[in-house]
Amino acid sequence: MDIGYVRVSTAKQDLDRQIDALRKEGVADKYIYVDKKSGSTTNRPGLQQALEQARAGDVIVVHTLDRLGRTVRDTLNLIHDLQEREVGVRTLADPIKVDSSNPNDPMAQLAVVILSLFGQMERTYAVERAAHARAVAEAKGKRVGRPSVVDPDKLRYAEHLRNEGYSMSKIVEKTGITRSSLYRHLPPRPVEPHTAAGIPDTSHPSLR
């Protein structure tokens, strides 16, 4: 029997494409198990139900192999455990099709390793690309992340009060901006350069 499993990482993402592919493959709706959760852990309710449902001779069908797990180790361990129970895994949309229902097929085992490795590498590179883009934006003085909802005029007033020596509590009271927002949005105080002895270095251009 074919048992379907679909997963997206967040509740806002759509499962329809994966479910439709499984239906076209002939998997009955009552045997399609669903998770809206990150693949960083195998402790997912839908996956656990699919694993409990599977019996010897069954095949777990997924759209792509990375729906099962996000790391090479997790994916290989899961497929190995299923093979021990004589349960196969088949993918529908990977560039290299996986069908582990025949444990003696070396090409199927190789496909699992290659796809798991490529999936993990792509996620690593995606994180690195995002970090690099964020660093470049910050170096150019651009704000990254969600747009600020703090009134710029209030923020300038808060900076003025801080420079005048007001305490953070007083600044919160006078501006109505929360303490956490002030810490997040106020520019850092200029750092005064010091010598090793802790005395201001008057040779620094900004102190002349």
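1. The model is a predicted one, in which local features need pLDDT of at least 70 and side-chain atom pairs count only at pLDDT 80 or more, whereas totals for chains, interfaces and linings use all residues. Residues are numbered from 1 along each chain as its sequence is written, and side-chain values use heavy atoms, with hydrogens and water left out.

2. S9 lies in the loop between β1 and α1, helices (H or I, at least four residues) and strands (E, at least two) being DSSP runs numbered from the N terminus. UniProt, in an unreviewed entry, lists S9 under "active site"; UniProt positions are given in the numbering used here, feature names are shortened, and annotations may be inferred rather than shown by experiment.

3. Leaving aside neighbours within four places in sequence, S9 is in contact with K36, K37 and S38, contact meaning heavy atoms within 4.5 Å. S40 itself is found in the loop between β2 and α2, and it touches R70 and D74 when residues up to four places away in sequence are not counted.

4. For the overall layout, the secondary structure of the protein comes to seven helices and four strands, and from the N terminus on the elements run β-α-β-α-β-α-β-α-α-α-α. Of the 208 residues of the protein, 32% count as buried. Among contacts with a separation of 6 or more, 57% are accounted for by residues 24 or more positions apart.

5. The four strands form an open sheet in the order β2-β1-β3-β4, with parallel pairing; two strands are taken to pair if DSSP finds at least two bridges between them. Because β2 and β4 (88-91) stand at the edges, each with a single partner strand, one side of each is left without a neighbour in the sheet. The twist averages 25° from one strand to the next.

6. β1 and β2 pair in the parallel sense over five bridges, with Y5 opposite Y33 in β2 and V8 opposite K36 in β2. β1 and β3 also pair in the parallel sense, over four bridges, and here G4 stands opposite V61 in β3. β1 is mostly covered, six of its seven residues being buried.

7. Which residues of helix α1 (residues 16-24) are buried? The buried residues are Q18, I19, A21 and L22. They cover an arc of only 160° around the axis, which puts them on the same side of α1, the arc being that of the directions from the helix axis to the C-beta atoms. The face turned away from this buried side carries the exposed residues R17 and K24. The buried residues of α1 pack against β1 (2-8), β2 (32-36) and β3 (59-62).

8. On the pairing of β1 and β2, the count is five bridges in the parallel sense. α1 packs on the sheet, touching β1, β2 and β3, and its direction makes about 170° with that of β1; axes are lines fitted to C-alpha atoms, for helices over the stretch in contact, and angles run from 0 to 180 degrees between N-to-C directions. Helix α2 (residues 45-53) likewise packs on the sheet, touching β1, β2 and β3, and its direction makes about 155° with that of β2.

9. Just after α1, G26 takes a positive phi of about 95°. A28 is found in the loop between α1 and β2 and, at 33% relative accessibility, counts as partly exposed; A28 and I3 are 25 residues apart in sequence and 8.1 Å apart in space, C-alpha to C-alpha. E86, in the loop between α3 (72-84) and β4, has a phi near 65°, a positive value in a residue other than glycine, and at 59% relative accessibility E86 counts as exposed.

Conventions: Buried means under 20% relative accessible area, exposed over 50%, partly exposed in between (1.4 Å probe, protein chains only).
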